[in-house]
Amino acid sequence: MSIVADAIEQVRKQTQHLYKKIDESTSHRNAVGGDLKTIASEATLLASSVKRLAQDQRAGAQVHLQKAAARLTAAGIAGATLAETREHMRDALQSISQAVAEVRHG
Amino acid sequence: MDNYVAIVFNTDEQAFQGLHALWNLDDRGDITVHGAAVIHRDAYGHVDVATKNDDPGVRTIVGTGIGALLGALAGPVGSALGIAGAASVAAGTAAGIGAVAGNVMGLTADAVKAGEHEEAVYETQFAMKTGQAAVIAEVSESSNEPIDTVEQRLGGTVFRRAKGEIQDSSFFGGDYADYLYPYDYDPHFAA
């Protein structure tokens with residue numbers, strides 16, 4: 001696997017991990033301000049990684065990664081509710097998954 | 001190719017193994033799973049979605065979108081019923097929604113049994129009998145082989161429809177994605 005392909009796989013795993021964390025907060029209804037802040041800052045970091053990755057991709061994967069970066073950026077905006085953050089993260093993950101599929105199955 | 005797959009098993013346990021096997025294929029890069037869940041048809045024909053152990057009952061209610069997805073997987077007859085079902089359950093209760101999803105598959109199976117439309121035998125293959133469980137998933141795959149080989153070894157029967165074909169010909173609500181977990185999980189049916 002190339003370094004770039006490996007980087008997309010990594011970013012997908014990180015996004016899945018963060019989404020799982022949001023799911024757990026949602027199901028336990030115990031998300032507090034601190035959790036949301038952490039999730040938002042992790043989403044912002046992921047958005048930067050995805051933006052950088054998008055630059056090195058072929059058109060198909062690039063479009064998906066650009067969409068994902070936009071959604072991750074939205075998830076990182078302060079003041080978003082848990083439900084809004086979850087929706088942005090879910091969309092971001094879908095787009096990253098599509099980018100991974102593009103790279104794997106072309 | 002982007003596909004929706006339904007892999008039907010005789011027991012919940014087999015379906016749980018089938019779900020993990022699907023994600024293992026993803027880990028190896030053989031396929032890409034965009035979302036997957038385990039569903040179960042109980043003795044009354046109601047369909048439930050298995051949630052995570054620490055997610056009690058949150059997503060067991062089968063909503064309109066997943067009802068349409070199940071109908072679409074069942075073919076044109078199922079699609080039509082899925083659309084009708086979606087409209088009728090918009091404000092339904094959990095039991096009502098489950099019943100509609102169950103009816104989608106029940107009626108589809110009946111249509112095949114009745115032999116009213118020869119094509120239906122081919123088009124409406126996906127049906128779950130009471131007591132059976134299935135893994136449903138949205139996947140990208142270069143070939144059918146990895147999923148077919150691994151899931152058949154576990155006792156599953158694989159049904160597949162192209163995503164483009166379904167989206168062109170049927171109605172989906174926006175909520176079906178909420179029921180397909182975008183990561184591997186330990187499925188659990190609420191008692």
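1. Two strands pair if DSSP finds at least two bridges between them. In this predicted model, strand S2 (residues 31-41) of chain B is joined to strand S5 (residues 133-141) of chain B by nine bridges, and the two run antiparallel. Within that pairing, B:Ile39 has B:Ala134 of S5(B) as its bridge partner.

2. S2(B) also pairs with strand S3 (residues 47-49) of chain B, again in antiparallel fashion, through three bridges, and here B:His40 stands opposite B:Asp48 of S3(B). The hairpin formed by S2(B) and S3(B) has five residues between its strands, and in it B:Gly45 adopts a positive phi near 90 degrees.

3. As for burial, S2(B) is mostly covered, with 11 of its 11 residues buried. The largest nonpolar core has 38 residues, and those with the most contacts inside it include B:Ala36, B:Ala37 and B:Val38, as well as B:Ala134, B:Val135, B:Ile136 and B:Ala137. Two or more residues are given to this core by each of several elements of chain B, namely strand S1 (2-9), helix H1 (12-27), S2, S3, helix H2 (64-73), S5 and helix H6 (145-153). In general, nonpolar side chains in soluble globular proteins tend to be buried together.

4. B:Ala37 deserves a separate look. Once its neighbours within four places in sequence are left aside, B:Ala37 is in contact with B:Val49, B:Ala50, B:Ile136, B:Tyr179, B:Leu180 and B:Tyr181. Apart from the core described above lies another, of 25 residues, which has A:Leu18, A:Ala43, A:Val100 and A:Ala101 among them.

5. Turning to helix packing, H1(B) and H6(B) pack at an angle of about 145 degrees with their axes 10 Å apart, and H1(B) passes H6(B) in a right-handed crossing. The contact involves B:Gly18, B:Ala21 and B:Leu25 on the side of H1(B), and B:Pro146, B:Ile147, B:Val150 and B:Glu151 on the side of H6(B).

6. B:Met128 is found in the loop between helix H5 (118-123) and S5 of chain B. This residue counts as buried because it has 24 C-beta neighbours inside 10 Å, the cut-off being 20 or more. From C-alpha to C-alpha, B:Met128 and B:Ala50 are 15 Å apart in space, while 78 residues separate them in sequence.

7. On confidence, chain A has a mean pLDDT of 88, with 90% of its residues reaching 70 or more. Where pLDDT is low, the predicted coordinates should not be read in detail.

Key. Residues numbered from 1 in each chain as written. Chains lettered and ligands numbered in written order. Predicted model: local features only at pLDDT ≥ 70, side-chain atom pairs only at ≥ 80, totals over all residues. pLDDT = per-residue confidence, 0-100. Buried ≥ 20, exposed ≤ 12 C-beta atoms within 10 Å, placed from the backbone. Helix = DSSP H or I, 4+ residues; strand = E, 2+ residues; numbered from the N terminus. Core = buried A, V, L, I, M, F, W, Y, C linked by C-beta atoms within 7 Å. Contact = placed C-beta atoms within 7 Å. Axes fitted to C-alpha atoms, helices over the stretch in contact; angles between N-to-C directions. Left-handed = near helix turned anticlockwise from the far one by under 90°.
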